[in-house]
Amino acid sequence: MKTLLATLLFMFTQIAVAQTGGLRQDPAAVRQIAEQFLHAQTRGLPGQVSISVNKLDPRLDLAACAAPQAFMPSGSRVWGKTTVGIRCTVPTPWTVYIQAKVSVVADYIVTAAPLAQGQIISASDLATMQGDLTTLPTGIITDAAQAIGRTVTLSLQAGSALRQDSLRSQPAVQQGQTVRLVSVGPGFQVSSEGQALTSAGEGQWVQARTQGGQMIRGIAKAGGVVEVSY
């Protein structure tokens with residue numbers, strides 16, 4: 001059986017070599033495969049995407065491959081300076097790695113004026129700039145709606161790029177606040193007043209105490225509402 005499998009593998013390899021004519025792989029074709037792969041991977045990114053793929057060393061001696069396959073090596077991403085792998089399995093296995101650069105030029109949000117720590121952001125506090133997002137810190141905000149109404153966690157100078165980790169959402173319910181408790185169940189809804197025992201953003205769990213002293217747990221909603229389901 002092993003002899004038969006070895007024979008079949010040898011025959012398959014010889015057929016593949018015959019199909020490629022014993023030729024060598026064109027480095028320019030490998031580079032084009034990497035470029036096409038990156039274009040497919042970056043489809044849907046915001047802004048204008050430009051891709052630059054380095055040339056392979058023309059002295060590289062690779063056997064011709066009928067179907068080279070592109071892949072992202074572990075730890076690489078389709079962003080900024082990156083690496084694309086190209087592999088061949090038959091007739092002669094080989095793998096090469098090509099350096100590339102992906103630029104994404106798009107609008108992003110900056111501060112129009114200095115912002116103090118704890119300040120709530122309004123539309124007039126923001127401005128728009130354009131640049132290569134791949135050269136900026138991660139978490140850059142590209143839509144003003146993602147920042148308006150949120151609180152700055154540290155003081156920022158005018159022209160500072162806004163990042164997600166420099167903002168926090170205003171709590172929908174604050175500790176000690178009088179809240180409206182809305183109890184919801186099959187076929188009924190009852191409202192009453194209570195006091196929030198913890199702070200929570202919209203959609204988060206919050207603890208509250210009813211006027212009768214009962215401790216309950218519900219979902220914080222905008223406007224100081226705690227929704228309790230049964």
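Author: Helices (H or I, at least four residues) and strands (E, at least two) are DSSP runs, numbered from the N terminus. This is a predicted model, where local features need pLDDT of at least 70, side-chain atom pairs count only at pLDDT 80 or more, and totals for chains, interfaces and linings use all residues. Residues are numbered from 1 along each chain as its sequence is written, and side-chain values use heavy atoms, leaving out hydrogens and water.

Reader: Where is proline 91 found?
Author: In general, most peptide bonds are trans. Here, a cis bond joins valine 90 and proline 91, with omega about 0°. Proline 91 sits in the loop between β3 and β4 (94–111).

Reader: Which cysteines form a disulfide?
Author: A disulfide is a covalent bond between the sulfur atoms of two cysteines; the cut-off is within 2.5 Å. Cysteine 65 and cysteine 88 form one, sulfurs 2.2 Å apart. Cysteine 65 lies in the loop between β1 (48–53) and β2 (69–71) and cysteine 88 in strand β3 (residues 80–88), so the pair ties together parts 23 residues apart in sequence.

Reader: And how do I read an aromatic pair?
Author: Use the distance of the centres and the angle of the planes. Ring centres of Phe, Tyr and Trp (its six-membered ring) must lie within 6.5 Å; planes under 30 degrees apart are stacked, over 60 edge-to-face, the rest tilted. Phenylalanine 71 and tyrosine 97 pair edge-to-face, at 6.1 Å centre to centre and 80° between the planes. Phenylalanine 71 is in strand β2 and tyrosine 97 in strand β4, so this pair links parts 26 residues apart in sequence.
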